[in-house]
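Subject: Handing over a structure

Hello,

I am passing a structure on to you, with notes on what was found in it. Please look at the sequence and the model first, then read on.

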Amino acid sequence: MIAESLARPSMNEPVEWTDGGSPRSPRFDDLYRSRYGGLAQARAVYLAGCGLPGRWQGRRDFTVLETGFGLGLNFLCTWAAWEGDAQRCEQLNFVSVEAYPVAAADLLRSVQSLAAMDGDQAPLLARVQVLAAELAAAWSEWSPGLHEIRFADGRVQLILAVGQVLPMLARLSSCQADAVYLDGFTPALNPDMWSTDTLTAMARLCQPGATVASYSVALAVRETLQSLGFTVKKRPGLPPKRHRLEATFERLRVTAAAA
Ligand SMILES: C[S@@+](CC[C@H](N)C(=O)[O-])C[C@H]1O[C@@H](n2cnc3c(N)ncnc32)[C@H](O)[C@@H]1O
């Protein structure tokens, strides 16, 4: 029995590590995060891009939807920001779609490798490393489908939607997102994560006033978001990127072709 289970191939997505300590996907030939600072990217592009922590303050609950859980860094930084905010909402829901979950060991290696790059953010890094250990302890070899994991006495709920982005967004029809992190690999290498169908499915899950953030300001993405009913802005990016994307949802406008 033991030999059999040891011989079973792992279902985990392989991650390669560059000499500089950046995680890279051999499947997509792209990095999981900015080589110039994973913590800085999570905070400046995603949290600030969605108006967090301010937008969850005074709320009973708040829901973040993410395309691409990857190494969980955006989740961990969001959890750390929530935890450190005296005015945080009662309940934080983080719903993330991921087709190719990585191994728990890579979640841990990811936050260990941040030390050198984000050394000026020592307190946040220390906290993210503690939270990553909690995440890794709850981690599994996920089968396709929806998985719920609770942290912080149940006040932080992670829903991992394991599977291809489009069918999983369709399965999340009861999700009412207040904020969306668009974090597929670069659109040229990972078009499914940025297609009109995917962005339309994402928009269907947004509440009026929901904010969207991304490192990508690809013209096609901006135009599609605009056509769906988002007000889109290019903001100064995290160097060396010149821009990042911020968008606010007004109401859904779906063309006949996308309906
Ligand atoms: C840039 S990484 C996400 C990084 C992550 N947000 C973090 O904080 O670590 C992009 C992720 O999208 C996932 N992905 C790519 N194509 C996908 C698809 N068609 N459906 C679902 N997930 C996909 C990849 O496996 C990868 O984990």
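A residue is called buried under 20% relative accessible area, exposed over 50% and partly exposed in between, with a 1.4 Å probe and protein chains only. Helices (H or I, at least four residues) and strands (E, at least two) are DSSP runs, numbered from the N terminus. Helix α7 is largely enclosed by the rest of the structure, because six of its eight residues are buried. Those buried in α7 are Thr198, Leu199, Thr200, Ala201, Met202 and Ala203.

This is a predicted model, in which local features need pLDDT of at least 70 and side-chain atom pairs count only at pLDDT 80 or more, while totals for chains, interfaces and linings use all residues. Residues are numbered from 1 along each chain as its sequence is written, and side-chain values use heavy atoms, with hydrogens and water left out.

Aromatic rings

A pair of aromatic rings is described by the distance of the centres and the angle of the planes. Rings of Phe, Tyr and Trp (its six-membered ring) pair if their centres lie within 6.5 Å; planes under 30 degrees apart count as stacked, over 60 as edge-to-face and the rest as tilted. Across the whole structure, the search finds 15 aromatic pairs. One of them is Phe28 with Phe185: the centres are 5.0 Å apart and the planes stand at 35 degrees, so this pair is tilted.

Phe75 and Trp79 make another tilted pair, with ring centres 5.6 Å apart and planes at 40 degrees. What separates Phe75 and Trp79 in helix α3? They are four residues apart in that helix (residues 73-83), which means about one helical turn. An α-helix has 3.6 residues a turn, so residues three or four places apart point the same way. Phe75 is buried, with a relative accessible area of 1%, and Trp79 is buried at 1% relative accessibility. Both belong to one aromatic cluster, formed by Tyr46, Phe69, Phe75, Trp79, Phe94, Trp139, Trp142, Phe151 and Tyr181.

Charges over rings

A charge sits over a ring if NZ of Lys or CZ of Arg is within 6 Å of the ring centre and within 35 degrees of the ring normal. Arg27 lies over the face of Tyr100, at 3.7 Å from the ring centre. Arg88 is placed over the face of Trp82, at 5.0 Å from the ring centre.

The ligand

Which residues are closest to the ligand? They are Gly68, Asn74, Glu98, Gln164 and Asp183, among 22 residues that surround the ligand (a heavy atom within 4 Å). Oxygen atoms of the ligand also lie by the backbone: one is 3.0 Å from a polar backbone atom of Leu71, one is 3.3 Å from a polar backbone atom of Gly72, and one is 2.9 Å from a polar backbone atom of Asn74. Taken alone, the ligand exposes 610 Å², of which the protein buries 97% (Shrake-Rupley method, 1.4 Å probe).

The annotated span

In an unreviewed entry, UniProt lists residues 131-248 as "domain: MnmC-like methyltransferase". Such annotations may be inferred rather than shown by experiment. The span is 28% helix and 36% strand, and its end C-alpha atoms lie 30 Å apart.

Backbone details

Two cis peptide bonds are worth a look. The bond from Leu52 to Pro53 is cis, with omega near 10 degrees, and Pro53 is in the loop between α2 (38-47) and β4 (61-67). The bond from Pro239 to Pro240 is cis, also with omega near 10 degrees; Pro240 lies in the loop between β10 (230-236) and β11 (243-249).

In the loop between β6 (145-151) and β7 (156-162) is Ala152, a residue other than glycine whose phi is positive, near 50 degrees. Asp153 is found in the loop between β6 and β7, and its phi is also positive, near 55 degrees. Ala152 is partly exposed, with a relative accessible area of 27%, whereas Asp153 is exposed at 83%.

Regards

Methods:
A polar contact is a pair of N or O atoms within 3.5 Å; within protein, one must be able to donate a hydrogen and the other to accept it, and residues adjacent in sequence count only if both atoms are side-chain atoms.
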